[in-house]
Amino acid sequence: MENIYFNSSHTYYRTQLGVFIQEHIAPHIAQWELEEHIPKYIWIELMHFINDLKKGTKGKVMKNPGSYFYDVVLIEELAKLNYAGFAASYGICQLAKPYLENYGSEYIKRTYLDQIKNGEFWCSIAITEPSGGSDVAQLKTLALEFDDHFLINGSKTFITNGVYADFYLLAVKIKALDVEHMSLIIVDASSDGITKTKIPKMGWHCSDTATIGFQNVRVPKKNLVGNQGFGFQYLMEHLQNERLYVAVMAVADMDDMYSYTRRTLTSKHHVLNPYQLIELSKVYAEIQVFKNYVYHCCAIFDAGIYAVKECTIAKKSTSEALIKLINKCMDLLQFSSVDEKNEIARKFRDARISTIGGGTSDIMSEILSKIVLDQKAYTQAIS
Ligand SMILES: Cc1cc2nc3c(=O)[nH]c(=O)nc-3n(C[C@H](O)[C@H](O)[C@H](O)COP(=O)(O)OP(=O)(O)OC[C@H]3O[C@@H](n4cnc5c(N)ncnc54)[C@H](O)[C@@H]3O)c2cc1C
């Protein structure tokens, strides 16, 4: 089915990016996956390439370069690499941007946001703690306030880009007048008192994940993002971006998985039997439904609508469907699905993360039940 969401600029962007990814990322990604490290130079090259494309310096002037569908195109093209960790690492930096853009001071924008935009800095969003990630309000990492600085103690875990990030957008409680309020603060990753421990994990190998310890880490007050005590509201405002990003990734991965399965079956059997044809067409049909719902969510997000319900449904349903559909494709492929040298084994590992990262399926269900059954209205706390 043709869709109404992409125009000729998106198509041009897709073609150019596709070439860039094939020439600059594809030849190295297997090595980065082994090393569990994506080198800084590729972020710089990628961000410069994207910025130049959007500015029109590569030939064609892009219509509406701020449209979210350019991000969708990028995620879809990255999915063809079949190393989901790359899109995950990239995504975290893009998801950090709105916090700095909307609430950061001029100093923060100049020092951190601009560097993210040109790829010179890479970052983490550090919320989850060893005592639990779902209940964001209960985090324990504490910042004590002094004249011109904070002193931070605590720890974060499962943090994407945690080892190689240049800075952390850190959720902390700031203690003031015997009250603890959550705030967001930027911490340079090279600060004294920080320890980083890489966590070996099942999938997303090229994307590093870490536990980060903070022991008397001194952070200047000018690194506070927005107002003190507003961290929870800021997170609630933007966590839906993360849900949508996971959903777009999930659907892009489904598409790639379908193409791979069809290609592999056809090259093995030449003529597919009726069972294979029926099962493949069912997989294809399911993907179309998810894809078009997610595109719909992207369109309302692009229109500036605060769509908590839609992004939550998209995150939960696509991440669960991705795992289910990969299982179905693995059944169709049989031995070639578990053969480590084949793409789908890695896709299976990578996919499993999607119902955990960005908020678990249970938490998505909890939010949905509040909206749908308790009639809770999630309104934008901050414009
Ligand atoms: C690869 C990867 C990358 C990640 N990257 C980041 C990152 O960059 N930054 C970051 O901050 N975090 C990151 N996370 C952490 C992720 O967001 C958390 O794992 C997730 O939010 C769940 O937190 P938890 O693991 O502490 O589980 P818990 O919160 O302890 O939950 C355990 C179980 O209880 C269920 N549960 C908890 N509360 C409720 C409830 N109220 N109702 C129903 N069920 C509930 C959960 O669904 C889950 O099944 C990452 C995780 C992974 C796997």
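How many residues surround the ligand, and which are the closest? Residues are numbered from 1 along each chain as its sequence is written. The model is predicted: local features require pLDDT of at least 70 and side-chain atom pairs pLDDT 80 or more, whereas totals for chains, interfaces and linings use all residues.

**View 1. The shell around the ligand.** The ligand is surrounded by 24 residues, the closest being I127, G133, S134, T360 and D362 (near: C-beta atom, placed from the backbone, within 6 Å of the molecule). At least two shell residues come from each of β1 (123-126), β3 (149-160) and α11 (361-372); helices (H or I, at least four residues) and strands (E, at least two) are DSSP runs, numbered from the N terminus. The shell comprises 10 nonpolar, 10 polar and 4 charged residues (nonpolar: Ala, Val, Leu, Ile, Met, Phe, Trp, Tyr, Cys and Pro; charged: Asp, Glu, Lys and Arg; polar: the others, Gly among them).

**View 2. Domain 2 and domain 3.** Because domain 2 (123-231) and domain 3 (232-372) both give residues to the shell, the ligand lies between them; domain bounds come from an automatic or database domain assignment. The centres of these two domains, taken over C-alpha atoms, are 30 Å apart. Contacts (C-beta atoms, placed from the backbone, within 7 Å) join 12 residues of domain 2 to 10 residues of domain 3. The side of domain 2 that touches domain 3 has 8 nonpolar, 4 polar and no charged residues.

**View 3. Surroundings of A96.** Not counting residues up to four places away in sequence, A96 touches I116, C123, I125 and L169.

Technical notes:
Contact = placed C-beta atoms within 7 Å.
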